[in-house]
Amino acid sequence: MKRYVTACAAVVTAIAGMVATAPAASANPSSGVNIRGKEPFNTDVLMSKLCGDMTGADKSFVFNIHTGQVVDSDKAYGKAPYYHLAAGPARSVHSDLPYGEHWALTNGWEVVVGNCEFPASSSWTWLGKERRISNDSVTNCGHGTASLGVNESYATTRGASVSVGLNAKFGYKSGDLAAEVGASVSYSWSWSKTHTLGRQVTISVPRGYQGWIDARPHMRTVRINPVFHVQYYNWSDGQSEVGTVVHSWRGRGYDRIWSFGYYVDAYADIVNSDGTPAMDYVARDKPGSC
């Protein structure tokens, strides 16, 4: 991902190599099963509920196998429609129900406990919007060609967006994403500050024109399809307090799930081996006032 930039007298040439202009369509997390199309509901939305907090902390949900509705376990326990009273001894030592009654999961509601992981699925490079990077300009009001050495200044960017959920775009916490996502993305290719690059680039300007330097930054995007790691899964026959316990998604034998359409795209500037942003430079000019 590291490229080198060469400054020339009039136009600083483009960085060698092809740069993609559209996102990659593939998704291939390092673990897990894509459950899109395997359930009767929108699994992209389901995954946004399970992993939308962008942390790897353990969490517990009550989940409807017909609609995909997800509710935090601590908000659902002992409440309709998720649970109902069933006959039989209350086996939980924390139960405040009278002897002979207990809470049981209502048919169609099941419990899933686990944590989210954030492996990278794919990545691609692209050219950002052209912007002015020279603090100075030169207007040629004389005869022949005027030249000016301009000191480049560039404010780099990085950020992220989520494909599904109310939190469609989010910023950084303490200069980064949530720790788990930031660790997965690494940002080892990126620069995240405004900096005067200290490189003098000389531009030549025709008579009667004003000249300056623009650039298009080379950017990289890393796509993450969050994976939910199932630690514990439970369903009831409507009477059992504990019910059937497995350690895979709905008892299907796999303990990590993801959905193709739910992803995080993290982007940042690419930097060269010397730490400077990789950019396509171009000299621009327009009629000047003399």
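This is a predicted model: local features need pLDDT of at least 70, side-chain atom pairs count only at pLDDT 80 or more; totals for chains, interfaces and linings use all residues.
1. Now the overall picture. The chain has three helices and 19 strands. Of its 290 residues, 44% are buried. The accessible surface comes to about 14100 Å², and carbon and sulfur atoms account for 51% of that. Among contacts between residues at least 6 apart in sequence, 77% join residues at least 24 apart.

2. Helix H1 (residues 43-51) deserves a careful look. Seven of its nine residues are buried, so the helix is largely enclosed by the rest of the structure. The buried residues are Thr 43, Asp 44, Leu 46, Met 47, Ser 48, Leu 50 and Cys 51. Their cover includes strand S2 (59-64), strand S3 (70-72), S6, strand S15 (227-235) and strand S17 (256-258).

3. Asn 42 caps the N-terminal end of the helix, with a side-chain oxygen 2.9 Å from the backbone nitrogen of Asp 44. Asp 44 is itself among the buried residues of H1.

4. On to the disulfides, of which the structure holds two. Cys 51 and Cys 116 form one of them, with their sulfur atoms 2.1 Å apart. This link is left-handed, with -95° about the S-S bond. It ties helix H1, which holds Cys 51, to strand S6, which holds Cys 116, across 65 residues of sequence. Both Cys 51 and Cys 116 are buried.

5. A disulfide also joins Cys 141 to Cys 290, with an S to S distance of 2.1 Å. The link of Cys 141 and Cys 290 is left-handed, at -90° about the S-S bond. Cys 141 sits in the loop between strand S9 (138-139) and strand S10 (146-155), while Cys 290 belongs to the segment after strand S19 (279-287), 149 residues away. Cys 141 counts as partly exposed because its relative accessibility is 45%, and Cys 290 is exposed because its relative accessible area is 70%. With bonded cysteines counted along the chain, the disulfides follow the pattern 1-2, 3-4.

6. The aromatic residues are worth a tour too, with six aromatic pairs in the count. Tyr 77 and Tyr 83 form an edge-to-face pair, 5.0 Å centre to centre with 65° between the planes. Tyr 77 is partly exposed, at 41% relative accessible area, whereas Tyr 83 is buried, at 10%.

7. Tyr 82 and Trp 109 also pair: their ring centres are 4.8 Å apart and their planes stand at 90°, so the arrangement is edge-to-face. This pair links distant parts of the chain, since Tyr 82 lies in the loop between helix H2 (73-76) and strand S4 (83-87), and Trp 109 in strand S6 (residues 109-117), 27 residues apart. Tyr 82 is buried, with 13% relative accessible area, and Trp 109 is buried as well, at 6% relative accessibility.

Technical notes: Residues are numbered from 1 along each chain as its sequence is written. Side-chain values use heavy atoms; hydrogens and water are left out. Helices (H or I, at least four residues) and strands (E, at least two) are DSSP runs, numbered from the N terminus. Buried means under 20% relative accessible area, exposed over 50%, partly exposed in between (1.4 Å probe, protein chains only). Contact means heavy atoms within 4.5 Å. Accessible areas come from the Shrake-Rupley method with a 1.4 Å probe; for residues, only the protein chains shown count as cover. Rings of Phe, Tyr and Trp (its six-membered ring) pair if their centres lie within 6.5 Å; planes under 30 degrees apart count as stacked, over 60 as edge-to-face and the rest as tilted. A polar contact is a pair of N or O atoms within 3.5 Å; within protein, one must be able to donate a hydrogen and the other to accept it, and residues adjacent in sequence count only if both atoms are side-chain atoms. A disulfide is a pair of cysteine sulfur atoms within 2.5 Å.
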